[in-house]
Amino acid sequence: MEYFPNHQFLMIKFEDYIPSPQETLKSVYTFLDLPPFQEGKLEQVLSSSKSKLEKGDDPTIGEQMSYGTRHAVEAFYAPFNAKLAQQLNDERFLWNFSES
């Protein structure tokens, strides 16, 4: 990247975090050279965050994005995602949702 080398960045896609939050957070702690969570603490943090979402604080959580909105968001972010994917050499950041 322009001011910092790539190895100083850790990019995590939300879609990769959702199926394995514990492993993702462990990798974040390792990347930051932090001591690992104490046994049980990581599960406590994750369950606390999950319960806040399940309480219904925001009724729009879980709703599907309309096609028009998704198309507009994809179009707006496409050049930024393309640059990021190129810099990271990782096509997962291209947001090819329309194909699925």
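Predicted model: local features only at pLDDT ≥ 70, side-chain atom pairs only at ≥ 80, totals over all residues.
Phe-76, Tyr-77 and Phe-80 come together as one aromatic cluster. Residue numbers start from 1 along each chain as its sequence is written, and side-chain values rest on heavy atoms, with hydrogens and water left out.

Across the whole structure, the search finds 5 aromatic pairs. One of them joins Phe-76 and Phe-80, whose rings are tilted, 5.8 Å centre to centre and with 45 degrees between the planes. Rings of Phe, Tyr and Trp (for Trp, the six-membered ring) are paired if their centres lie within 6.5 Å; planes under 30 degrees apart are stacked, those over 60 are edge-to-face, and the rest are tilted. Both Phe-76 and Phe-80 belong to helix α4 (residues 67-88), where a spacing of 4 residues places them about one turn of the helix apart. Phe-76 counts as exposed because its relative accessibility is 51%; the classes are buried under 20% relative accessible area, exposed over 50% and partly exposed in between, with a 1.4 Å probe and protein chains only.

Helix α4 also contains Asn-81. In contrast to Phe-76, which is exposed, Asn-81 is buried, with a relative accessible area of 10%. Apart from its neighbours within four places in sequence, Asn-81 has contacts (heavy atoms within 4.5 Å) with Phe-93, Leu-94 and Trp-95. The C-alpha atoms of Asn-81 and Phe-93 are 5.8 Å from each other, although the two residues are 12 residues apart along the chain.

The secondary structure of the chain consists of 4 helices and 0 strands, in the order α-α-α-α from the N terminus on. Helices (H or I, at least four residues) and strands (E, at least two) are DSSP runs, numbered from the N terminus. Of the 100 residues in the chain, 10% are buried. Among contacts with a separation of 6 or more, 34% involve residues 24 or more positions apart. The chain exposes about 8,400 Å², of which carbon and sulfur atoms supply 57%; accessible areas follow the Shrake-Rupley method with a 1.4 Å probe, and for residues only the protein chains shown count as cover.

A nonpolar surface patch is formed by Leu-10, Ile-12, Phe-31, Leu-32 and Leu-34, with about 400 Å² of accessible area together.

Most residues other than glycine have a negative phi.

Confidence is expressed as pLDDT, the predictor's confidence in each residue, from 0 to 100. The chain averages 80, and 79% of the residues score at least 70. Helix α2 (residues 21-31) has the highest confidence, at 90, and helix α3 (residues 41-54) the lowest, at a mean of 67.

Notes
Patch = residues over 30% accessible without salt bridge, like charges linked within 9 Å, V, L, I, M, F, W, Y side chains within 5 Å. Salt bridge = Lys/Arg side-chain N within 4 Å of Asp/Glu carboxyl O.
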